[in-house]
There are 2 protein chains.
Amino acid sequence: MPGFPTLECHVSLIVQKFGGSSVSDAEGIRRVAKRIVETRKAGNDVVVAVSAMGDTTDELLDLAHEVTPIPAPRELDMLLTAGERISMALLAMAIKSMGHDARSFTGSQAGMITDAQHGSARIVDVTPVRLREALDEGAIVIVAGFQGFNRDTKDITTLGRGGSDTTAVALAAALDADICEIYTDVDGVFTSDPRVVPLARKIDRITSEEMLELAANGAKVLYIRAVEYARRHNVTLHVRSSFNNNEGTIVYNPDAPIRLGGSAAEREENAVEDPMIAGVAADLSEAKITVVGVPDIPGKAAQIFKIVAKTNANVDMIVQNVSSAATGRTDISFTVPMNDGHRVMQALEAEKDDAGFQSLQYDDQIGKLALVGAGMRTNSGVSAKLFGSLSDAGINIEMISTSEIRISVVTRADSVTDALRVVHTAFGLDAEDEAIVHAGTGR
Amino acid sequence: MPGFPTLECHVSLIVQKFGGSSVSDAEGIRRVAKRIVETRKAGNDVVVAVSAMGDTTDELLDLAHEVTPIPAPRELDMLLTAGERISMALLAMAIKSMGHDARSFTGSQAGMITDAQHGSARIVDVTPVRLREALDEGAIVIVAGFQGFNRDTKDITTLGRGGSDTTAVALAAALDADICEIYTDVDGVFTSDPRVVPLARKIDRITSEEMLELAANGAKVLYIRAVEYARRHNVTLHVRSSFNNNEGTIVYNPDAPIRLGGSAAEREENAVEDPMIAGVAADLSEAKITVVGVPDIPGKAAQIFKIVAKTNANVDMIVQNVSSAATGRTDISFTVPMNDGHRVMQALEAEKDDAGFQSLQYDDQIGKLALVGAGMRTNSGVSAKLFGSLSDAGINIEMISTSEIRISVVTRADSVTDALRVVHTAFGLDAEDEAIVHAGTGR
């Protein structure tokens with residue numbers, strides 16, 4: 001009916017991201033190409049962000065370190081970006097061999113403009129002019145993940161770990177895509193790590209806020225930075241397996257206008273059905289530093305965290321003990337990534353006299369457990385149930401920190417697996433069957 | 001003395017090209033970096049063109065063919081250019097680790113503008129703006145060999161086999177370099193292939209015209225295209241080993257103003273001392289096609305070569321036999337690269353009736369020997385001596401073709417090695433000692 005455009009006329013633009021384990025060899029590249037072609041055949045425009053094949057990035061890093069212990073950052077970025085150049089060209093030629101037009105673009109060709117921070121550049125603008133042209137001409141667009149380009153220096157940059165996720169999300173935002181599919185070697189986001197909690201359940205829908213907390217607390221399926229970007233730009237993510245056609249996990253911003261399908265009533269119902277608890281994550285990569293005998297006078301805690309801040313370490317949980325009236329001193333504990341631990345200890349030791357504390361303790365045998373769910377905002381019983389279940393299992397809690405949608409506790413490292421299972425069960429997250437964990441080299 | 005610039009003030013600009021065998025691993029990269037730094041320390045500005053490491057290009061080609069038998073040319077170029085990206089970044093970081101500033105540039109960053117012919121693009125312009133900036137800032141410049149960029153399509157291109165030699169020469173021409181050093185795994189250009197003729201002698205100086213004939217007739221040390229470019233743009237080449245500091249071979253254009261040293265009288269003397277014969281090369285890569293029983297009427301030969309031309313095969317030597325008065329027919333023989341042989345045979349066979357010949361013969365057991373030297377222009381005894389020496393050795397000549405500075409003959413393939421040695425000796429090219437052949441994977 002002319003003049004009455006119907007829903008069927010709408011061509012969706014889908015951004016798909018494939019990680020290194022999905023394209024680790026020629027066979028993987030052909031499998032991914034087939035998948036992309038299927039999406040195209042279903043009537044969608046397709047833009048793909050692809051990582052380097054398998055372990056390519058690590059191999060290039062090794063090569064650089066054979067040449068020099070401290071590679072120049074500009075040249076290291078130039079080197080590493082060869083990885084996606086290889087995978088994207090192979091992927092484009094695989095698609096072309098299947099009879100569909102495809103064109104590969106480097107980060108700079110795709111208009112991924114970043115700052116000049118080599119190795120961990122931040123996206124400052126996305127100008128996908130050439131991608132739009134290619135899409136208009138009916139081509140499938142393949143973009144190198146992980147890489148960008150600085151306008152001032154005219155140099156190639158990389159986005160750092162998880163950069164390909166960020167590339168995909170940034171492209172989805174800039175091109176106003178309907179959805180950004182993140183293909184991985186697991187079926188989606190789980191209520192907990194299925195390798196540790198066999199009864200972990202795939203999550204169908206999760207808010208980007210909850211996803212952010214899970215990612216920040218050890219869930220490895222998505223990188224924090226990509227989730228942040230998606231939340232800020234209202235990009236809906238679909239995390240799913242590249243090894244099957246199952247529905248994965250939708251990560252959405254509940255405050256944003258929903259793009260795909262569903263009436264307002266349906267969306268409301270969905271929101272109501274969202275479970276109170278999204279999942280529980282564990283993280284063994286942090287260490288606890290305790291500053292013993294800090295004078296309990298104003299400004300001392302601030303002074304200590306100023307010293308820590310100078311090391312650029314990422315401080316996570318902070319606990320200040322109740323001051324002892326007898327000594328007028330208190331202890332301050334905080335957690336940092338183990339990688340930063342040594343540097344922080346050195347920095348504090350160097351200013352011990354000035355800061356006036358008595359000694360330092362370092363403990364890397366800790367585990368962090370985080371319970372995440374937007375539903376706990378309005379449910380005061382959550383923390384009681386969490387502490388109760390851990391107590392019943394004889395697991396000691398060393399530190400506690402909370403946000404509106406998260407409660408984190410620190411336990412001994414060797415208790416964290418037990419804690420994960422106990423809490424998973426206590427909050428009714430267990431599935432009826434064990435999750436099938438796919439083989440894969442991770443991301 | 002102010003106001004009186006002396007020769008010592010002149011900073012030379014040296015372009016250096018290193019092939020894949022010179023940078024096949026981290027150790028090779030560090031060795032090449034050291035060599036570049038030495039050139040810099042001697043007070044020169046240095047621009048380097050570098051090939052992909054070792055067998056990288058072949059490995060990437062294999063990977064492409066695993067993905068699809070006929071890779072899309074645009075994507076194949078995108079893929080292959082990853083090779084030099086790796087070697088140039090590693091080389092730049094190696095130099096930086098030695099305390100000298102170095103910056104790597106891709107073909108497009110270096111301003112290597114080409115046509116859009118993927119896989120064998122021709123350079124149409126060189127705009128090395130960024131290279132000049134880097135040189136002005138005191139940096140050593142590393143450029144990816146083999147690759148370019150098309151302005152219209154904005155796509156990455158490659159220059160085809162031997163492209164890195166061409167990159168080096170084109171940079172030398174565009175930057176007005178004093179000399180272009182081509183580093184390889186042999187000591188220079190030899191009077192013949194030292195692996196076949198043990199008494200082959202390194203040539204100290206050779207004209208670009210002679211070098212062109214040697215390269216076109218099987219000498220592998222330099223690619224024809226790079227020599228052509230050098231001759232046209234008056235770039236003086238120095239072909240030398242990357243494994244020692246010996247002087248190699250100077251390839252110069254005698255008609256061009258000489259850039260480096262020497263008075264007019266010295267140059268004249270040098271020219272006089274140039275030997276009559278530069279060298280003798282052999283080529284086993286061609287096949288001979290004979291068109292039997294061609295009607296000896298005007299236009300028939302032209303018709304046959306029109307058919308051949310349509311296949312884009314590179315016809316080399318052509319011999320038309322004396323026509324037989326009895327039959328009114330003649331035979332036409334010509335040589336083409338073996339790779340093109342099948343295609344040419346098919347094309348001729350398809351038009352056999354129209355062209356009116358009787359049959360086709362195909363012979364890939366031939367060898368071609370070419371004697372090259374500008375001195376033979378003025379010396380009529382050269383061909384007599386060549387044919388005499390082959391005849392004395394019992395070697396049969398099947399075809400002959402000549403230019404002003406070259407005589408080529410075709411023999412049986414299994415005679416060509418003997419022929420090479422016999423002719424080498426007959427023209428007084430033998431060295432007193434056997435040449436040392438370096439191990440190496442070639443270029």
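The structure is a predicted model, in which local features need pLDDT of at least 70, side-chain atom pairs count only at pLDDT 80 or more, and totals for chains, interfaces and linings use all residues. Residues are numbered from 1 along each chain as its sequence is written, while chains are lettered from A and ligands numbered from 1 in the order in which they are written. Helices (H or I, at least four residues) and strands (E, at least two) are DSSP runs, numbered from the N terminus.

**Relation of the two chains**

- The same surface serves both copies, since 96% of the contact residues of chain B recur in chain A.

**Interface between chains A and B**

- In chain B, 27 residues are in contact with 27 residues of chain A, contact meaning that the C-beta atoms of two residues, placed from the backbone, lie within 7 Å.
- Helices H1 (26-41), H2 (56-67), H3 (73-80) and H4 (82-97) of chain B each give two or more residues to the side that touches chain A.
- The largest share of that side, 10 residues, comes from H4(B).
- By residue class, the side of chain B that touches chain A divides into 18 nonpolar, three polar and six charged residues; Ala, Val, Leu, Ile, Met, Phe, Trp, Tyr, Cys and Pro count as nonpolar, Asp, Glu, Lys and Arg as charged, and the others, Gly among them, as polar.

**Buried elements of chain B**

- Burial is defined by counting other C-beta atoms, placed from the backbone, within 10 Å of a residue's own: 20 or more make it buried, 12 or fewer exposed, and a count in between partly exposed.
- Helix H6 (residues 163-174) of chain B is largely enclosed by the rest of the structure, because 11 of its 12 residues are buried. Among them are B:Gly163, B:Asp165, B:Val169 and B:Leu171.
- H6(B) reaches 16 Å from its first C-alpha to its last, close to the 16 Å expected at 1.5 Å a residue; the expected span is 1.5 Å times one less than the number of residues.
- After H6(B) comes B:Asp176, whose phi is positive, near 55°.
- Strand E2 (residues 45-50) of chain B is also largely enclosed by the rest of the structure, because six of its six residues are buried.
- Both faces of E2(B) are covered, with B:Asp45, B:Val47 and B:Ala49 buried on one side and B:Val46, B:Val48 and B:Val50 buried on the other.
- Strand E1 (residues 13-18) of chain B runs parallel to E2(B) and is joined to it by six bridges; B:Lys17 stands opposite B:Ala49.

**Sheets of chain B**

- An open sheet of four strands has the order E15-E16-E14-E17 with antiparallel pairing, where two strands pair if DSSP finds at least two bridges between them.
- Its edge strands, E15 (318-320) and E17 (359-363), each pair on one side only, and the twist averages 15° from one strand to the next.
- E14 (residues 286-295) and E16 (residues 329-337) run antiparallel and are joined by eight bridges; B:Arg329 is the bridge partner of B:Pro295.
- Helix H10 (residues 300-310) lies across E14, E15 and E16, running at about 140° to E14(B); axes are lines fitted to C-alpha atoms, for helices over the stretch in contact, and angles run from 0 to 180 degrees between N-to-C directions.
- Helix H11 (residues 338-350) packs on the sheet, touching E14, E16 and E17, and its direction makes about 20° with that of E14(B).
- A further open sheet of four strands has the order E5-E4-E7-E8 and mixed pairing.
- E5 (123-126) and E8 (156-158) stand at its edges with a single partner strand each, so one side of each is left without a neighbour in the sheet. The twist here averages 45° from one strand to the next.
- E7 (residues 147-150) runs antiparallel to E8(B), with three bridges between them; B:Gly148 stands opposite B:Thr157.

**A loop residue of chain B**

- B:Phe243 lies in the loop between strands E11 (237-241) and E12 (249-252), and is partly exposed, with 19 other C-beta atoms within 10 Å.
- B:Phe243 and B:Ser22 are 221 residues apart in sequence and 8.2 Å apart in space, C-alpha to C-alpha.
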